[in-house]
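Please look through the model shown here with the following explanation at hand. The text goes from the ligand to the loops, and then to the cores and one of the helices.

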Amino acid sequence: MNNRKPFIAGNWKMYKTAAESVETAKKLACLVSGVINVDVMIAPPFTALSHVYEAIKESSVMLGAQNLFWEKEGAYTGEISPGMIVSSGCRYVIIGHSERRQYFGETDQTVNKKIRSALNNGLVPVICIGETENERDAADTFNILDKQIKMGLEGFSPYDLEQMILAYEPVWAIGTGKTATSDQAQEVHRFLRNLIETLLGKKIAGSTRILYGGSVKPENIGELMSMPDIDGALVGGASLDAEKFASIINFKS
Ligand code: PEP
């Protein structure tokens, strides 16, 4: 047994207007109002953050952003600063999602800068890592994850990273309907926890929550959560529907 509280987060990607986000968030807050044993976070699009915050601020559902830019302010058209995110009511920020790495040139170096900026502004980073299908087929999964973790977390002390959340998201499982088996995911989560122990010590390794992400649904969450090193989930598609997401949050393992 460990004392890591499960953390289940919904990444709404580029779906939902502000009004649609508020509607789903309100429904979700109602459906999970009795849940005390799981931390719940939703990450709507930037344009909906303040509206959603107003709708859920009295509930147990917490708010996160899907990305940030590391500068405080400046001539960076189209970017959003950590201060803006905090002022919209967010406590969390997703960093290094594979869609950002794949389509928007995110690298382990930019991930590192974003983590620094999030921490400096009191945001908890939810740091995404994961291998592509080709990398898994080439038996390169652990090398890739090792590199993503070492470069992403370079220069941080255990104290800096006490709150961080990691999300293992095999790229081949995101939005594809293919889920890693619970054994495949557990093997990677164990590897990551051992790596964190080597880099940051036993205490952080024991307390860091490592989420699994990749086609999580009400049907597979229970088995995933029964694994000793899986501490929650980052959910894309299935989090867009309040009822479906609530049944993931109410998982029975
Ligand atoms: C994600 O967006 O992080 C994700 C895991 O998406 P999906 O659940 O749709 O695979």
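How many Å is an oxygen atom of the ligand from a polar backbone atom of S215? The separation is 2.8 Å, which can be set against the cut-off for a polar contact: a pair of N or O atoms within 3.5 Å, where, within protein, one must be able to donate a hydrogen and the other to accept it, and where residues adjacent in sequence count only if both atoms are side-chain atoms. The model is a predicted one, in which local features need pLDDT of at least 70 and side-chain atom pairs count only at pLDDT 80 or more, while totals for chains, interfaces and linings use all residues. Residues are numbered from 1 along each chain as its sequence is written, and side-chain values use heavy atoms, with hydrogens and water left out.

An oxygen atom of the ligand also has a polar side-chain atom of E169 at 2.7 Å, and a backbone N or O atom of G237 lies 2.9 Å from an oxygen atom of the ligand. Taken alone, the ligand exposes 290 Å², of which the protein buries 96%; these areas come from the Shrake-Rupley method with a 1.4 Å probe. The ligand is surrounded by 14 residues, the closest being K13, E169, G175, S215 and G236, where a residue counts as near if one of its heavy atoms lies within 4 Å.

K13, one of those closest residues, is placed in the loop between β1 (7-11) and α1 (18-31), with helices (H or I, at least four residues) and strands (E, at least two) taken as DSSP runs numbered from the N terminus. The phi angle of K13 is near 45°, a positive value in a residue other than glycine, and K13 counts as buried because its relative accessibility is 18%, buried meaning under 20% relative accessible area, exposed over 50% and partly exposed in between (1.4 Å probe, protein chains only). K16 is in the loop between β1 and α1 too, and has a positive phi near 85°, but at 23% relative accessibility K16 counts as partly exposed.

The backbone oxygen of K13 is reached by the side chain of Q66 at 2.9 Å, and a polar atom of the Q66 side chain lies 2.9 Å from the backbone oxygen of A43. Q66 is itself placed in the loop between β3 (61-65) and α3 (82-87), and is buried, with a relative accessible area of 18%.

Which residues of the largest nonpolar core touch the most other members? Of its 65 residues, these are I8, L28, I42, L153, I196, Y212 and I249, a nonpolar core being a set of buried Ala, Val, Leu, Ile, Met, Phe, Trp, Tyr and Cys residues joined through side-chain atoms within 4.5 Å. The largest share of this core, 6 residues, comes from helix α8 (residues 182-200). Another core, of 14 residues, lies apart from it and includes F7, A43, I94 and A167.

Helix α8 also holds S182, which counts as buried at 7% relative accessibility. Leaving aside neighbours within four places in sequence, S182 is in contact (heavy atoms within 4.5 Å) with E223, L224, M227 and I230, and the side chains of S182 and E223 make a polar contact at 2.6 Å. The C-alpha atoms of S182 and V171, 11 residues apart along the chain, are separated by 16 Å.
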